[in-house]
Amino acid sequence: MSEPGQSPENPWPVRAVATRVAKWIDRLGTVWVEGQIAQLTMRPGSNTAWLVLRDPAADMSLSLTCPRDLVANAPVKLAEGVQVIVYGKPQFYTGRGTFSLRVTDIRAVGIGELLARIERLRRLLDAEGLFDPRLKRPIPFLPNTIGLITGRASAAEHDVMAIASARWPAVHFEVRNTAVQGLNAVAQIVEALAELDADPHVDVIILARGGGSVEDLLPFSDETLCRAIAAATTPVISAVGHEPDNPVCDLVADLRAATPTDAAKRVVPDAAAEQAGVTEMRRRSAQALRNWVRREAHIIEGLRSRPVLAHPLRALDTRAEEIERARATARRDINRMIAVQADRLEHLSARLSTLGPAATLARGYAVVQLLDGSSSGQVLRSTADAPAGRQLRVRVADGALTAVSEGADEAH
């Protein structure tokens, strides 16, 4: 036969299971637990108080029971939303099958402790690089759709939407109303942030809340929310509280706005200012263009006033005159050289005429040339060259005649 509780044929009764669970939980011992009071019930005539302690960063809670006097004599007034630290022992009530923590000490978390915890979280996130300016995403100049996470009908919502619409009337918002303080704030803000971050039409997300006490702003220094902002792919603007307030989410966000009004001014441009800027730029560009045209016209005028452009033919006229003078000089020199050479030629011609055979023939001389033989045409220079019977050509002043040599004249 199987062990009790290990088969349907041999089950445990409810009392056996309840008793064993109670004994096992009883061995856990005491524990310190921190959370926010989500519910506090004190029934008339009962010496027991019932509380629900909630984790501010997760959707989890724990039932507590404690003596009524412990609540009445607490160092601060206990109410919903108060952060406390309790000391108790886990118990399982077999009669109702419920688990609770039997509390014997309740301590409120003071402002000093809250600030110290925020500072520790600040140092932790800074060491992890979540505050690094290089990781900040740029805010779009003119977003098509703005995601807004804020309290329902809050002054922060009114300020952001009114001022943004006044600056840029075409602006469009996707609003997510959440709790901005208390137990459910972190979970609702993180959910709204994830929803807006997943929307492809949302270009930037504003997390807005008005001012408040340190306790009221605690959700915006929660580690879960800060890490969700850092993990978002859409740029996030933190506009929580007033100027002196500085929750941790301001350091993680891509842009910190001093107030919700400041966030509205930073997220969209001022249409009137942009129009004035465009008008001014048009005026300045037109003035710059006119100045440029004036400057270039002045340069062209300066170029045109230069002699080479003002009188472009003057250089040619000057050169033409120089060329004409050079031509006249060259012509004069050539004529002089021709005259000199003509005179020289005339003198040479006269001398040639005087010394030439024609002049000699004119004076009664004759030139005798050989006609036959290998020496035909040569001038007769010796009687030996003209033996008897040799044909001769005798050139005189008015012509030539032929003769036959009869030999040397012995008489001479």
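Guide: A residue is called buried if its relative accessible area is under 20%, exposed if it is over 50%, and partly exposed in between (1.4 Å probe, protein chains only). The model is predicted, so local features need pLDDT of at least 70 and side-chain atom pairs count only at pLDDT 80 or more, while totals for chains, interfaces and linings use all residues. Residues are numbered from 1 along each chain as its sequence is written, and side-chain values use heavy atoms, with hydrogens and water left out.

Threonine 65 belongs to strand E3, which covers residues 61-67 (strands, E, of at least two residues and helices, H or I, of at least four are DSSP runs, numbered from the N terminus). Which residues does threonine 65 touch, not counting residues up to four places away in sequence? They are Thr48, Ala49, Trp50, Tyr93, Ser100, Leu101, Arg102 and Val103, where contact means heavy atoms within 4.5 Å.

Tyr93, touched by threonine 65, is at the end of strand E4, residues 83-93. Ser100, Leu101, Arg102 and Val103 are also on the list for threonine 65, and strand E5 runs over residues 98-108.

The charged end of arginine 96 sits over its ring, 5.1 Å from the centre. This label applies if NZ of Lys or CZ of Arg is within 6 Å of the ring centre and within 35 degrees of the ring normal. Arginine 20 is placed in a like manner over the face of tryptophan 12, at 4.1 Å from the ring centre.

Next comes phenylalanine 99, which is found in strand E5. Phenylalanine 99 has 36% relative accessibility, so it counts as partly exposed. Setting aside neighbours within four places in sequence, phenylalanine 99 is in contact with Ile25, Leu62, Ser63, Pro90, Gln91 and Phe92. From C-alpha to C-alpha, phenylalanine 99 and isoleucine 25 are 9.1 Å apart in space, although 74 residues separate them in sequence.

How many aromatic pairs does the structure hold? It holds one: tryptophan 32 and tyrosine 87, with 4.6 Å centre to centre and 40° between the planes, a tilted arrangement. Rings of Phe, Tyr and Trp (its six-membered ring) pair if their centres lie within 6.5 Å; planes under 30 degrees apart are stacked, over 60 edge-to-face and the rest tilted. Tryptophan 32 counts as partly exposed because its relative accessibility is 43%. Tyrosine 87, at 26%, is partly exposed too.

For contrast, consider valine 368, in strand E11 (residues 367-370). Valine 368 lies 172 Å from lysine 77 in space, C-alpha to C-alpha, and the two are 291 residues apart in sequence. With a relative accessible area of 24%, valine 368 is partly exposed. Beyond residues up to four places away in sequence, valine 368 touches Gln378, Val379, Leu380, Leu392, Arg393 and Val394.
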